[in-house]
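Reader: Could you walk me through how to read some features of a model like this one? I would like the general idea each time, and then the case in hand.

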Amino acid sequence: MANSNAPLGVGLIGTGYMGKCHALAWNAVKPVFGDVARPRLELLCETSEAYASARAEEFGFARSTSDWRALVSDPAVDVVSITTPNAFHAEMAIAALKAGKHVWCEKPMASDFADALAMNAAAKESGRVAILGYNYIQNPAFREIARLIGEGGIGTPFQIRAEMDEDFMADPDTPYFWKNASSSGYGALDDFAVHPLSLIQRLFGRVERVFCDMAMPYATRPDGGDEARAVETHDMANLLMRLEGGLQASLQVNRCAWGRKGRIALQVFGSKGSILYDQERMNEVELYRADGDARQQGFARILTGPQHPPYDRFIPAPGHGLGFNDLKVIECRELLRAIAGEPASVISFADGLEIERAVHAAARSFEVGGWVEVA
């Protein structure tokens, strides 16, 4: 069993939006939590030597390379952060696991289900820790929701509604980029839906049946000058689901939702109350309890604070709020717990595979126009 206080050598592949989030987390996990050794930021990989060198200096990595294979085989690297576009996840993760490294890979697992299966098989065979970047489950607000439901705070849950909306593709003049290509996956279904599915899975278990409809609001996007290129992915999807145990659930996702910036809304309706949550107000939970004087019933706003761990590790005072990058720091700490053989709250490759099953079943449902069993 690994020692949680033994410093791990970190390799980072990719330095875009999520690459920077990983780098910030690796840099912050020691000062925030204090109970771990400071990771050694060993090696960073980018597409060119010059760019890799510049980013390594910015992010605090000792060395840089433009060869990701050299990174995953480097003896000083113990754990690999993979933050590249989806199409590269499988090859990189499998190579890292075969080289005996732990893996922290951004979601989704892969564009192709066979690749996701191969990733999970490689993780099992390696005996290493392999997790996916579903950091929304780390929010102290979400942990409070899980506690409330687990303790019967709203009675027996019987319906779940979820949404994820952003507007970064709402403008038809937004240029074509890799998320519009079929090599990235289905579109909003696996780019977005996987996040609320991770919340639903953590609270209520796996999806058993699904009915899905998808839509493409813009058939083409600008591709330089007056050129237009056909869009190959769907930016909107609606899902009806039955979860294990018979729970009814619905999910709507939209990458073209003007005005929505980072919405992951979750509503849980139970026999004795309801819970509402929205990622755009990520430090709040609304709770309705159907007991007591009816004249005084109403939704109560729970504002997260030091009484909702690990909020207290960041800020000692309530009302100041955590942010997206803070959730990544918490996820990093959970990864270190898992590597040390301690109980950890993570989405493993095995957990992620169940999310992928639901996504690919939803895509099949869209193709056949009916309900599909999640095998």
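Author: Happy to. Let us start with a backbone angle: just after helix 8, glycine 205 takes a positive phi of about 95°. Helices (H or I, at least four residues) and strands (E, at least two) are DSSP runs, numbered from the N terminus. As background, most residues other than glycine have a negative phi, and most peptide bonds are trans.

Reader: What should I keep in mind about the model itself?

Author: It is a predicted model, in which local features need pLDDT of at least 70 and side-chain atom pairs count only at pLDDT 80 or more, while totals for chains, interfaces and linings use all residues. Residues are numbered from 1 along each chain as its sequence is written, and side-chain values use heavy atoms, with hydrogens and water left out.

Reader: Which residues of helix 8 are buried?

Author: First the cut-offs: buried means under 20% relative accessible area, exposed means over 50%, and partly exposed is in between, using a 1.4 Å probe and protein chains only. Helix 8 is mostly covered, with 10 of its 11 residues buried. Those buried residues are Val194, His195, Pro196, Leu197, Ser198, Leu199, Ile200, Gln201, Leu203 and Phe204.

Reader: At what angle do helix 8 and helix 11 cross?

Author: For this, axes are lines fitted to C-alpha atoms, for helices over the stretch in contact, and angles run from 0 to 180 degrees between N-to-C directions. The axes of helix 8 (residues 194–204) and helix 11 (residues 349–368) cross at roughly 120° and come within 10 Å. Angles under 35 degrees count as roughly parallel, over 145 as roughly antiparallel, 65 to 115 as roughly perpendicular and the rest as oblique. Helix 8 and helix 11 are therefore oblique to each other.

Reader: Which residues make that contact?

Author: Contact means heavy atoms within 4.5 Å. Helix 8 brings Val194, Leu197, Ser198, Gln201 and Arg202, and helix 11 brings Asp351, Glu354, Ile355, Ala358 and Val359. For the classes, Ala, Val, Leu, Ile, Met, Phe, Trp, Tyr, Cys and Pro count as nonpolar, Asp, Glu, Lys and Arg as charged, and the others, Gly among them, as polar. The contact of helix 8 with helix 11 has five nonpolar, two polar and three charged residues.

Reader: How does helix 6 pack with helix 8?

Author: Helix 6 (residues 140–150) packs with helix 8 at an angle of about 30°, their axes 10 Å apart. Phe142, Ile145, Ala146 and Ile149 of helix 6 touch Leu199, Arg202, Leu203 and Phe204 of helix 8. By class, the contact of helix 6 with helix 8 has seven nonpolar, no polar and one charged residues.

Reader: Are helix 4 and helix 5 roughly parallel or oblique?

Author: The axes of helix 4 (residues 89–98) and helix 5 (residues 113–126) come within 9 Å and cross at roughly 10°. These two helices are therefore roughly parallel to each other. On the helix 4 side the contact uses His89, Ala90, Ala93, Ile94 and Leu97, and these meet Asp115, Ala118, Met119, Ala122, Ala123 and Ser126 in helix 5. Their classes are eight nonpolar, two polar and one charged.

Reader: Which residues touch the most other members of the largest nonpolar core?

Author: A nonpolar core is a set of buried Ala, Val, Leu, Ile, Met, Phe, Trp, Tyr and Cys residues joined through side-chain atoms within 4.5 Å. Met241 and Phe349 touch the most other members among the 112 residues of the largest one. Leaving aside neighbours within four places in sequence, the contacts of phenylalanine 349 include Ala93, Leu97, Met119 and Ala123.

Reader: Where are the cis peptide bonds you can show me, and what is omega there?

Author: One runs from lysine 107 to proline 108, with omega near -15°. Proline 108 lies in the loop between strand 5 (102–105) and helix 5. Another cis bond joins proline 309 and proline 310, with omega about 0°.

Reader: Is proline 310 buried or exposed?

Author: Proline 310 counts as buried, because its relative accessibility is 8%. Proline 310 lies in the loop between strand 16 (300–303) and helix 9 (311–314). Leaving aside neighbours within four places in sequence, proline 310 is in contact with Phe33, Pro140, Arg143 and Ile330.
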